[in-house]
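Hi everyone, thanks for coming.

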There are 2 protein chains.
Amino acid sequence: MPSATAATGPHVLRQINVAAVLTALRQAERAVARVADLMTTTGLSRPAVTRALADLRDADLVELVADETTRIGRPAQRARFRAELGHVAGVDVGPHKILVKIADLAGEVLTTHRIATPPAATGPEVFDLVTAGLDQAVAAAGLTHADLWAVCVGTPGIVDRDHGEVVLAPSIPGWAGLPVVPQLRDQLHCPVLIDNDVNLAVLAERWRGTAIGVESLVFVQWGERIGTGLIIDGAPYRGAHAAAGELGFLDLGLPPNDPTGRPAANEGTGPFERLVGAAAIHELAVAMTAGGRDRDLHAQLTAPGERDIAPLFAAAATGSPVAVAVVDRVAARFAQGLGALILLMDPEQVVIGGGLSRAGDTLLDPVRRHLVGRTLSSPTEVRASTLGEDAVVLGAVRHALDSTAERLTALA
Amino acid sequence: MPSATAATGPHVLRQINVAAVLTALRQAERAVARVADLMTTTGLSRPAVTRALADLRDADLVELVADETTRIGRPAQRARFRAELGHVAGVDVGPHKILVKIADLAGEVLTTHRIATPPAATGPEVFDLVTAGLDQAVAAAGLTHADLWAVCVGTPGIVDRDHGEVVLAPSIPGWAGLPVVPQLRDQLHCPVLIDNDVNLAVLAERWRGTAIGVESLVFVQWGERIGTGLIIDGAPYRGAHAAAGELGFLDLGLPPNDPTGRPAANEGTGPFERLVGAAAIHELAVAMTAGGRDRDLHAQLTAPGERDIAPLFAAAATGSPVAVAVVDRVAARFAQGLGALILLMDPEQVVIGGGLSRAGDTLLDPVRRHLVGRTLSSPTEVRASTLGEDAVVLGAVRHALDSTAERLTALA
DNA sequence: TCGTTTTAGTAACGCAACGTGCGTTACTAT
DNA sequence: ATAGTAACGCACGTTGCGTTACTAAAACGA
């Protein structure tokens, strides 16, 4: 096998230039461009661009459309990338829901399908819901399985991307060890990818979120669990053992500030999650509002069957002193962990996602304040995710799209 | 400017293939290869390889040597990369010494020059020592300034690589703000690079140290100061603000376990350095050996003018209970910070350098023990650096070599 | 000593892809 | 109707690759 890649003939030039023209075309406005535009963006001559476009047209990747813009001179033919030639699916398998999105090769989302997972659904049941969701989403888009070029599944837990299954998934019983990728591949007959949900969410934030084009980025999922996805120098980084960014397991050696000797919420949680996860925040809020210090909020937080902490942030937003104090303590704890992450990674930007990000600046402003002095250089920007629950499934779509690049160049 | 890189003519093929042949030749054993060898490694035909070699010979990058291996058939001519065509210099500007190494384009070190920095030398004086060291090293190699293709300077502190100067260097007074790169470039008339010392050391460990070829790597400099250099997916990562891996400033929120309310040793040190830096270890050892618990060691540590902690590890190696206890507490503290780094970065391997690495397994075995349970997956390998004080200067050589790649391809 | 074998180098040919230059086409404006 | 403009497309020359055929140089064996 050649160690240094060499060009073994003029056909290599064609490959390079066809790929260059296709890339330029896909990056153009609405994936439509005139020959003259492609000449300038690629630096190629007119015959070269025309030849490349002819190849792409033969492969059905490109079609010619008339130019409507009435200007002077002979109207230009415009080449359009046929994004409808193939489609990809992104799937977010969460503990409570399954989200499926179908997009074309331009990344345009055609359909979205949402399935609420029944409580205590087992792994095989979840898998059946995934396939059902895919079927319905594909059908709703007017497509068949054969139109899918790639599918990417995002799931919590630790993922074995080589074997295509989940190694550890505490939040979905029986999901770990299921051969998700092989089974899906057999059903769909297309490449199937699997990745950790947070690793995909960070891709989405860089693609269509609040960190577009950022070169080094940290996405922190802040909810019951705490995890992070990393993008370093433009590429996702998962670590040597697919365990990079496990902020939830950071042990700051902090004394548990609340008096109740709280047991580990459930198996497999880490120290930092037990300190500032949603459950810990709820407990802290209940404890700090007890004794009549804030009867209203205490009542809301301890209502039967109620574990939601939204009332806490609502109260803090209106200035309730106790709620503000709770939020401030939560922010201080969180900033200690996030500060360590920023100190070691030095990202260009941090995006906070997950349930806690709904609190917005009510929570993030104190976090930013407590970060001051913890990071070395100029303050790193901390933003709330704007993608909401779509982050993971959009990242899955993006990852699936990326995987189709080689199939595209192979066609032409 | 072209957004997608295209091939604008057959000459691009030549460029590709000349570069491929040169790369294959440089990667070959002793940078010597027969045409047949290059054919197999590049996948090119014999005439193509011959043409590429002719170009390289015209550019004086390659010469032909006779084949000594007596085998049947017509003896092959062998192409040899003329590593002596150019040279690079690496410089390590430390607080106590300046190291200069001159190497040829194959990375073979020709000369090494060492200058002890006078105590309290100012920035300009240090700069003069650097130029003097470069002059002498170049002369000792039988070269002139014109033979230098690139120079890389490694220095502690935070480095502004764009402006080519040090922003913050607490250990060398007056060194920060000096226009090191512009001045050196004017004197030497060649590209001059500057980088943080630890960022360079990690390059050396991957090149000629104990982590050859490792794709994701953390190098921890453990001495008076504590800093890290990161390699992620094969490329050095410095962070968005050139502040990645600042482990020394990690604040674990640990209570200062020693009774003495120790003041900050000097300006600009971080919490973790104040906890397990060499000075902190010395103080801890003095405190824990006091009160007659280990008179011999206490006397060695408190000898007039003595701040060295080597006796501590010597005593621990021979099994002195108090010394072992001190080392164990140091290791526990250090493992907490290193564990955080491993948890967040998930590197393939960790290399410990700096003065403390001289303690070897006496210190690292306890560190490994205390790391168990702090990292999520299988235990990450922790090794002591084998490069000693050469790590930074070797990394500077490697970085300078890397920067010559484009000049090489431009020549051919 | 000389032919045979084996491997290396080189020249000639055909093919493919590039850029350049120029004629052609199609539409607008006067 | 005619001039002007902008895009299209073909012919040409150049370059570089692979293939093929031939020559050159050394070791081995008769």
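One term before we start: helices here are DSSP runs of H or I with at least four residues, numbered from the N terminus. With that in hand, look at the end of H12 in chain A: it is followed by A:Gly373, whose phi is positive, near 90 degrees. Please keep in mind that this is a predicted model.

Let's stay with that helix for a moment. H12 of chain A covers residues 361–371. Which of its residues are buried? They are A:Leu363, A:Leu364, A:Pro366, A:Val367, A:His370 and A:Leu371. If you look down the axis of H12(A), those buried residues fall within an arc of 160 degrees, so they line one face of the helix. And what do they pack against? In chain A, their partners are helix H10 (310–317), helix H11 (321–345), strand S14 (349–353) and strand S15 (381–384).

Now let's zoom out to the chain. Chain A has 14 helices and 15 strands, and its C-alpha atoms fill a box of roughly 80 × 50 × 50 Å along the principal axes. Of its 412 residues, 48% are buried.

On to the core. In soluble globular proteins, nonpolar side chains tend to be buried together. Here the largest nonpolar core has 215 residues, and those touching the most other members are A:Val91, A:Val151, A:Leu312, B:Val91 and B:Val151. Take B:Val91: beyond its neighbours within four places in sequence, its contacts include B:Ile98, B:Leu134, B:Val151 and B:Val393.

Next, the two chains together. The contact takes 52 residues from chain A and 52 residues from chain B. On the chain A side, H1, H2, S13 and H11 each supply at least two residues, with H1(A) giving the largest share, nine residues. By class, that side has 29 nonpolar, 17 polar and six charged residues.

Last stop, the DNA. H1(B) gives the most, with five residues. By class, this surface has 14 nonpolar, 10 polar and six charged residues.

Thanks, and I'm happy to go back to any view.

Note on methods: Residues numbered from 1 in each chain as written. Chains lettered and ligands numbered in written order. Predicted model: local features only at pLDDT ≥ 70, side-chain atom pairs only at ≥ 80, totals over all residues. Buried ≥ 20, exposed ≤ 12 C-beta atoms within 10 Å, placed from the backbone. Arc of directions from axis to C-beta. Contact = placed C-beta atoms within 7 Å. Core = buried A, V, L, I, M, F, W, Y, C linked by C-beta atoms within 7 Å. Nonpolar A, V, L, I, M, F, W, Y, C, P; charged D, E, K, R; others polar.
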